[in-house]
Amino acid sequence: MKLLFLTQVLDREHGILGFVPRWIEGLARHCESVRVIALAVGDDLRLPENVDAVEIGRKGRVRRFLRYHAALRDALDRDGYDTVLAHMVPRYALLAAPACRRTRAGLFLWYTHKAVDEKLQRAERQVRKVFTASPESFRIETPKKVVTGHGIDVEHFSPGPARREGGELEILVAGRLTPAKDPLTVVDGLAELVARGRDARLVWAGGELAKGDDAFGESVRARAAEKGVEERIRWLGHVPYPAMPELYRAADVLVNASHTGSVDKVVLEAMATGVPVLTCNESFGTVLASLPDGGAAQFFEPRSAVSLADGVERLFAGGGASPDELREIVVRDHEVDALMSRLVREMAPIARPRA
């Protein structure tokens, strides 16, 4: 298989997509060659010899469009790439679809989010399969859906020294500062813990990204000031992917108040490092089902600061799953090389001879 991988960013330092180079390494082990087409390509990627990358650039909508089609033409018509995997962006699958039909290359999509729009519906009709992390992560009913789990680098996200006991309680949130991550409930939960006499602190790793995020971020900081906990919060902004394991290991609990409805990768990363996790995300019901009581101790009620505070205190006191139990779930169901191997198997049987 000669695989063409379409993604936004190929950069180990990227705060959100820093895992992509590790995915590419895993895919390259099972493919004759892999080519990545990305808007931005970082430095010092240290990729396998059978991998190359094409950087489209971000400037100029028409320029991007022309460069993208030229890169697709070079890969599919000239260089014989026979399989295309679009990562997270349905538009990339739609751009590649005409060239894939012309060359009879297999077209596939990886997508993990509850949102369904017109582009995603069109992309589903064009691709042969859609890979997703959990049943809730792709909400179009179609026989093309293949639930695979996520791809977590369990060596990168490995446990550290045993955590301190007693004293200050450090809560970590990892994710964009957007309404979907519900930072207002997290801030209110921190205030609730402080009101109960807890010496609690919050570290937020992630910043504004999309249009409108800046104004929302200011409203969250204003809520922290209103609640009197602004001095207890560290806003780190975007944190490079290589730095995330140390943040997880330093935390007493990872709180995930996300309403995205899909398996949030940062929760799995925290679990791989053995950090207690507390979430209100419905999709983790499937992920944590093997734990006693279905992992009930790891959940709190959505948009409830009181329930969040109760959950943090429960985990801080030693309730919930053990670090080994949490890590074992990730190793068993979401390890990166196992996922890459499965993706290649799922794509290879229906790759077609070139016209």
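Start by selecting Leu 169: leaving out residues up to four places away in sequence, this side chain's residue touches Asp 199, Ala 200, Arg 201, Asp 252, Val 253, Val 312 and Phe 316, where contact means heavy atoms within 4.5 Å. You are looking at a predicted model, in which local features need pLDDT of at least 70, side-chain atom pairs count only at pLDDT 80 or more, and totals for chains, interfaces and linings use all residues. Residues are numbered from 1 along each chain as its sequence is written, and side-chain values use heavy atoms, without hydrogens and water.

Stay with Leu 169, and colour strand S8 (residues 169-174), where Leu 169 lies; strands are DSSP runs of E with at least two residues, helices are runs of H or I with at least four, and both are numbered from the N terminus. Leu 169 is buried at a relative accessible area of 1% (buried is under 20%, with a 1.4 Å probe and protein chains only).

Next, show helices H5 (residues 183-195) and H6 (residues 213-227), which pack at about 15° with axes 10 Å apart. The axes are lines fitted to C-alpha atoms over the stretch in contact, and angles run from 0 to 180 degrees between N-to-C directions. H5 and H6 are therefore roughly parallel, a label for angles under 35 degrees.

Finally, zoom out to the protein chain, with its 12 helices and 12 strands. Its C-alpha trace spans about 70 × 40 × 40 Å along the principal axes.

Key: Parallel < 35°, antiparallel > 145°, perpendicular 65-115°, else oblique. Buried < 20%, exposed > 50% of the residue type's maximum accessible area, 1.4 Å probe, protein only.
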